[in-house]
Amino acid sequence: MRIAMFSSKPYDIESFQLANTAGHEIIFLEPKLTPATVPLAGDCDAVCAFVNDDLGATVLEGLVEQGVRLIALRSAGFNHVDLATARRLGLSVVRVPGYSPHAVAEHAVGLILALNRNIHRAYNRVREHNFALTGLLGFDLHGRTVGVIGTGQIGTEFAKIMLGFGCRVVASDPYPNDTCRSVGVEYLHRHDLFEQSDIVALHCPLTSETYHIIDAAAIERMREGVMIVNTSRGALVDASAVIDGLKRGRIGHLGLDVYEEEADLFFEDLSDRVVHDDVFARLITFPNVLITGHQAFFTIEALTRIAETTIANVSAFERGEGELHLVTDSGR
Ligand code: NAI
């Protein structure tokens, strides 16, 4: 099949060229998919899109008019796709579920360790020959309560790691899983999780129910000085509410790999530009906030599986074998 791959970076090109043993014709396109870039997919049967590509109604309609029949997401999350429009247009949408739950879970743990022990600040201090410890005080993770919102593939791996540190792990999920229960995770109502947790980690998808799941009311329920870590989707967190919580000391640490308005920022080198997003600009001023630019997935194993699964998804569609890893409205 002829595939237009939007938002292609050098590392995507390398992993897809290696994985493409099926011989699909892949057109690597640097621009993001937007209404303006739809024509670049002319003559293509499939579009391969990433997390910040626009897959709203206007784009989907434009793609179908040009003959596109398949959207192959190279991501697990699919909140950016207008699924109702895709269904109406007869457009199939496939994704790459669970390509490396370890990659994202381990990154979340990395944020926790760095924030708790101020490793991001210590790095800069030592480079300036400042060996003072004042301001770098952390706490033992052992014995602390960690709340996991969403115990799917990533949340389960994250819970296991935190249990290894000797933490008490509590969780909230409409579909509790037996693996978590068997290793000692306690399921609680979300409000109780907020009240009992020293660290709250978000591992649920972005849906209408989880939009701004961390808002002013949730923050008020949490322990004074709580650490919040979000490696899932930016819009799970109301950024203005967390800024207020940070200013008042209600939130002690904040680790983000995702940000609600990240589409205008992440994955690009903007180091010689002025950032116009005042909320983001404020967030990065806090010493107890650590932000990475949607890199939790970024391991060699994950890139390889993303490419291999996407090629397999496209090949299965081409052979008329039905859609592997079809995205449905329920997402389950
Ligand atoms: P998954 O589908 O295996 O698990 C999601 C879990 O969240 C399920 O158990 C589901 O029941 C639960 N859930 C749904 N609604 C909930 C709610 N209202 N409250 C609590 N739990 C709820 O998904 P997986 O693979 O674990 O990924 C989770 C999320 O991580 C993805 O949706 C994606 O947004 C994000 N992600 C981020 C990456 C990054 O690079 N930062 C990379 C990959 C995924």
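Over how many bridges do strand 6 and strand 7 pair, and is the pairing parallel or antiparallel? Strand 6 (residues 145-149) and strand 7 (residues 168-172) run parallel, joined by five bridges. Let's take the views one by one.

**View 1. The whole chain, with its 12 helices and 12 strands.** You are looking at a predicted model, in which local features need pLDDT of at least 70, side-chain atom pairs count only at pLDDT 80 or more, and totals for chains, interfaces and linings use all residues. Residues are numbered from 1 along each chain as its sequence is written, and side-chain values use heavy atoms, leaving out hydrogens and water. Helices (H or I, at least four residues) and strands (E, at least two) are DSSP runs, numbered from the N terminus. The C-alpha trace spans about 60 × 50 × 35 Å along its principal axes.

View 2. Of the 332 residues, 51% count as buried, meaning under 20% relative accessible area (1.4 Å probe, protein chains only). Among contacts (heavy atoms within 4.5 Å) with a separation of 6 or more, 66% come from residues 24 or more positions apart.

**View 3. An open sheet of seven strands, in the order 8-7-6-9-10-11-12.** The pairing is parallel, and two strands count as paired if DSSP finds at least two bridges between them. At the edges sit strand 8 (186-187) and strand 12 (289-291), each pairing on one side only.

**View 4. Strand 6 and its partners, strand 7 and strand 9.** On the strand 7 side, Val-148 has Ala-171 as its bridge partner. Strand 6 also pairs with strand 9 in the parallel sense, over four bridges.

**View 5. Strand 9 (residues 199-202) and its buried side chains.** Which residues point one way, and which the other? Ile-199 and Ala-201 point one way, Val-200 and Leu-202 the other, and all are buried. Strand 9 also runs parallel to strand 10 (residues 226-230), with four bridges joining the two. Look for Ala-201 here: it stands opposite Val-229 in strand 10.

Conventions. Buried < 20%, exposed > 50% of the residue type's maximum accessible area, 1.4 Å probe, protein only.
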